[in-house]
Amino acid sequence: WQTKTVKDWTPQDIVQWVISEARSLNVCCTEMAGEKFALYDGSQLLSFSSSAFSDIDSRYGPVLYQKLHEIASTRYHQLNGGRCIKYGSEESLDEKVHNTIMTNLDSIRDESNYGQPPMSPGLSGKTMDSSEIATVPTLSPQPPPKKKGPGRPKGSKRKKKPEKLGRLWEFLRDLLKNREYCPSLIVWDNYEEGMFRFVHSDKVAKLWGTKKDNPDMNYEKLSRAMRYYYKSKVLLPVYGRRLVYKFGPTATGWKVDNPNFKD
């Protein structure tokens, strides 16, 4: 998806894009309705309004709408040798769209045409001649916001979940260290290998959902989130064993003195 124009994205490309945006906002991938956005292709998503995105995902839909159109505009200019349309100042259209999105990220409203910049040639499907370019309307006369340095914008930081909620693998680790839940809900299957097993997987998923304020959490979503840790080797699968996983070489703090509280 990173080398294609948005209109050529497949549903699989859209899933990868949603995962990437979740990571950039520092939220759990399962909290974004990636599977719902994947019901459409890139061309269809480009035709949707901001309110349509909100209907798909009320919390993150407006942000994804803005990011999608930012990527579409940027990708067009990358594929056309960096040519920029003058847009009311010496800044390129990409810079204007980026700064507008970042300035208004915290004030997004459910409006069908909110935040849509004048369409560039790549988005409208038409080629603009010099006379048309000259008539492109300028943005609001308000002073442009200061350019941000590298890193995540301040607006995104305010949307992070509180740090006290922790990460999923740490939540599972702490359950194994708590006799209230181990071995009744989760149990060490082979402590020496860091291997553990869900005894009541749905109950564990509900506990995680309560912690994350997500009443729709179930084991299917929980296990999907656990797979995101495979690449970093914090968690690893145990092939051929149902409901069994193991801590990987990068996991820390999981060793205990009394596994399964036998003593």
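Predicted model: local features only at pLDDT ≥ 70, side-chain atom pairs only at ≥ 80, totals over all residues.
Residues are numbered from 1 along each chain as its sequence is written, and side-chain values use heavy atoms, without hydrogens or water. Local features need pLDDT of at least 70, side-chain atom pairs count only at pLDDT 80 or more, and totals for chains, interfaces and linings use all residues.

**The sheet**

Let's begin with the strands (DSSP runs of E, at least two residues; helices are runs of H or I, at least four; both are numbered from the N terminus). Four of them make an open, antiparallel sheet in the order β1-β2-β4-β3; two strands pair if DSSP finds at least two bridges between them. At the edges are β1 and β3, each pairing on one side only.

| Strand | Residues |
|---|---|
| β1 | 186-190 |
| β2 | 195-198 |
| β3 | 235-237 |
| β4 | 244-247 |

Between β1 and β2 there are 4 bridges, and Trp188 has Phe196 in β2 as its bridge partner. Helix α10 (168-176) packs on the sheet and touches β1, β2, β3 and β4; contact means heavy atoms within 4.5 Å.

**The pocket**

Which residues lie nearest the centre of the second largest pocket? They are Thr30, Glu31, Asp57, Asn214 and Asp216, out of 19 lining residues. Here a pocket is an open set of points on a 1 Å grid over the protein atoms alone, where a 1.4 Å probe fits, with protein on both sides within 12 Å along at least five of seven lines; lining residues have an atom within 4 Å of a point. Helices α2 (34-37) and α12 (219-227) each give two or more residues to this lining.

Definitions and conventions:
Axes fitted to C-alpha atoms, helices over the stretch in contact; angles between N-to-C directions.
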